[in-house]
Amino acid sequence: MSRIGKLPIPVPAGVEISVDAGNVVTVKGPKGTLTQLLDADMGVVIEEGTLTVTRPTDRPRHRALHGLSRSLLANMVEGVTNGYEKRLEIVGVGYRFVAKGSDIDLSAGFSHPVVLTPPDGIEFKVIAPNQMAIVGIDKQVVGEEAAKIRALRPPEPYKGKGIKYQGEHIRRKVGKRAQ
């Protein structure tokens, strides 16, 4: 039995879960609504404030899908109740985030400012000129947006300049030395 897949998911008050034909799971909560299509072999059981995912056999494919399906559903429940947030930091002289309405103007050493526009369901917040937060209810979309922004100017190993996740440790290299 999958250690992750067999764990029940507690459903907090104010969250509604419905399973439609074809294993389409919809989770509604105070922050919004998320929908996920699960594999047809996986079963979803809703009982008295808990959500459980079942699998038909012990085949490797079913065992892998068991843990995946449970994690996806747990992330959906967490997203509609609390939401997700990824924070980015920018390091470098003249590098900064500037809020322009819902968009963000990124100055990161390019010859032109880069305008970042949030997709639907995502909000960009500037915490400080060198910090920003990406907030949303879908964990996957929040992570993808954070990765796209970080990829614009990834941190370099010599001076550490660039965009990094908050708390991320950048391995530094020594560089050249005079002989």
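Trainee: Which strands form an open sheet with antiparallel pairing, and in what order?

Mentor: Bear in mind that this is a predicted model. Three strands, in the order E2-E3-E4, make up an open sheet, and their pairing is antiparallel.

Trainee: What makes E2 and E4 the edges?

Mentor: Strand E2 (16-20) and E4 each have a single partner strand, so one side of each is left without a neighbour in the sheet. From one strand to the next, the twist averages 15 degrees.

Trainee: What makes E3 and E4 a pair?

Mentor: Six bridges, again in the antiparallel sense, link E3 to strand E4 (residues 32-37). Val-25 has Gln-36 in E4 as its bridge partner. A hairpin of two residues connects E3 to E4.

Trainee: What packs on this sheet?

Mentor: H1 does, touching E2, E3 and E4, and its direction makes about 20 degrees with that of E3.

Trainee: Which strands make up the open sheet that contains E6?

Mentor: That sheet has three strands in the order E1-E6-E5, with antiparallel pairing. E1 and strand E5 (43-47) are at the edges, because each has a single partner strand. E5 and E6 run antiparallel and are joined by five bridges; Glu-47 has Thr-50 in E6 as its bridge partner. H1 lies across E1, E5 and E6, running at about 160 degrees to E6.

Trainee: Why is Gly-5 called buried?

Mentor: Buried means under 20% relative accessible area. Gly-5 has 0% relative accessibility, so it counts as buried. Its place is in the segment before strand E1 (9-10).

Trainee: What is Gly-5 in contact with, leaving aside its neighbours within four places in sequence?

Mentor: Its contacts are Val-53, His-66, Gly-67 and Arg-70. Gly-5 and Arg-70 are 65 residues apart in sequence, yet 5.4 Å apart in space, C-alpha to C-alpha.

Trainee: Is Gln-131 buried or exposed?

Mentor: The cut-off for buried is under 20%. Gln-131 has a relative accessible area of 18%, so it is buried. Gln-131 is placed in strand E12 (residues 131-136). Not counting residues up to four places away in sequence, Gln-131 touches Leu-88, Glu-89, Phe-97, Val-126 and Gln-166.

Trainee: What makes a set of residues a nonpolar core?

Mentor: The residues must be buried, be of the nonpolar kinds such as Val, Leu and Ile, and be joined through side-chain atoms within 4.5 Å. The largest such core here has 19 residues, and Ile-17, Val-25, Val-27, Leu-51 and Leu-73 have the most contacts inside it. Strand E3 (24-29), strand E6 (50-54) and helix H1 (60-81) each supply at least two residues of this core. H1 gives the most, with six residues. A second, separate core has 18 residues, including Leu-88, Tyr-95, Val-114 and Ile-163.

Trainee: Which residues is Val-25 in contact with, leaving aside its neighbours within four places in sequence?

Mentor: Among them are Ile-17, Leu-34, Gln-36, Val-44, Leu-73 and Met-76.

Conventions: Residues numbered from 1 in each chain as written. Predicted model: local features only at pLDDT ≥ 70, side-chain atom pairs only at ≥ 80, totals over all residues. Heavy atoms only, no water. Buried < 20%, exposed > 50% of the residue type's maximum accessible area, 1.4 Å probe, protein only. Helix = DSSP H or I, 4+ residues; strand = E, 2+ residues; numbered from the N terminus. Contact = heavy atoms within 4.5 Å. Pairing = 2+ DSSP bridges. Axes fitted to C-alpha atoms, helices over the stretch in contact; angles between N-to-C directions.
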